Amino acid sequence: MAIAMYPAFVLDCPDSTRLAQFYGELLGWKVESREGWAEIRPEDGSNCISFQQVSDFKPPTWPTQDVPQQLHLDVMVRDLDEAEPEVLAIGATKPDHQPGTSFRVFLDPAGHPFCLCID
């Protein structure tokens, strides 16, 4: 029997509302925000990703480990070439270093790496 249920990830960031809006748009999830904290959830409420505002936030320096990424999200897409301009349009950036062919690495507006994956 499980000890706990319904895990949620919480990402530190400099602007919780902005980052929630980015991931809400990426995933098509509803955004709820209040001072220093925001959450996104799908319509059925089955999952949650939260965003905690931190005043001295230092973004990861991917691909180096000067400031480690510590955590990143992988999200599935049907077509990398179609999804790429869409995530760039909502605020992602694409680093030059791309270590694979079945996924692409991007940085969210706070600098956290995330991957669009087809496999």
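R104 is buried, because its relative accessibility is 18%, where buried means under 20% relative accessible area, exposed over 50% and partly exposed in between, with a 1.4 Å probe and protein chains only. The structure is a predicted model: local features need pLDDT of at least 70, side-chain atom pairs count only at pLDDT 80 or more, and totals for chains, interfaces and linings use all residues. Residues are numbered from 1 along each chain as its sequence is written, and side-chain values use heavy atoms, with hydrogens and water left out.

The side chain of R104 meets that of D81 in a salt bridge, at 2.7 Å from N to O. This pair links distant parts of the chain, since R104 sits in strand β6 and D81 in helix α2, 23 residues apart. Helices (H or I, at least four residues) and strands (E, at least two) are DSSP runs, numbered from the N terminus. A salt bridge is a side-chain nitrogen of Lys or Arg within 4 Å of a carboxyl oxygen of Asp or Glu. In contrast to buried R104, D81 is exposed, with a relative accessible area of 55%.

A further salt bridge joins the side chains of E84 and K94, at 3.1 Å from N to O. E84 belongs to helix α2 and K94 to the loop between α2 and β6, so this pair ties together parts that are 10 residues apart in sequence. E84 has a relative accessible area of 16% and is therefore buried, while K94, at 35% relative accessibility, counts as partly exposed. D81, E84, K94 and R104 are linked in a network of salt bridges. The structure holds 5 salt bridges. One of them is formed by K30 and E32, with the closest N and O atoms 3.5 Å apart; E32 is partly exposed at 42% relative accessibility.

Two strands pair if DSSP finds at least two bridges between them. β5 and β7 run parallel and are joined by 4 bridges; V75 has L116 in β7 as its bridge partner.

Contact means heavy atoms within 4.5 Å.

Rings of Phe, Tyr and Trp (its six-membered ring) pair if their centres lie within 6.5 Å; planes under 30 degrees apart count as stacked, over 60 as edge-to-face and the rest as tilted. By this rule the count comes to 5 aromatic pairs. In one of these, F22 and F114 are edge-to-face, with 5.6 Å from centre to centre and 65° between the planes. F22 lies in helix α1 (residues 16–27) and F114 in strand β7 (residues 113–117), so the pair ties together parts that are 92 residues apart in sequence. Both partners are buried: F22 has 1% relative accessibility, and F114 has 1% relative accessibility. Ring pairs link F22, Y23, F51, F106 and F114 into a cluster.

Strand β4 (residues 49–53) contains S50. S50 is buried, at 3% relative accessibility. Leaving out residues up to four places away in sequence, S50 touches F9, V10, L11, W37, A38 and E39.

The loop between β3 (37–41) and β4 holds P42. P42 is buried, with a relative accessible area of 15%. With residues up to four places away in sequence not counted, P42 touches W29 and N47. P42 and L88 are 46 residues apart along the chain, and their C-alpha atoms are separated by 22 Å.
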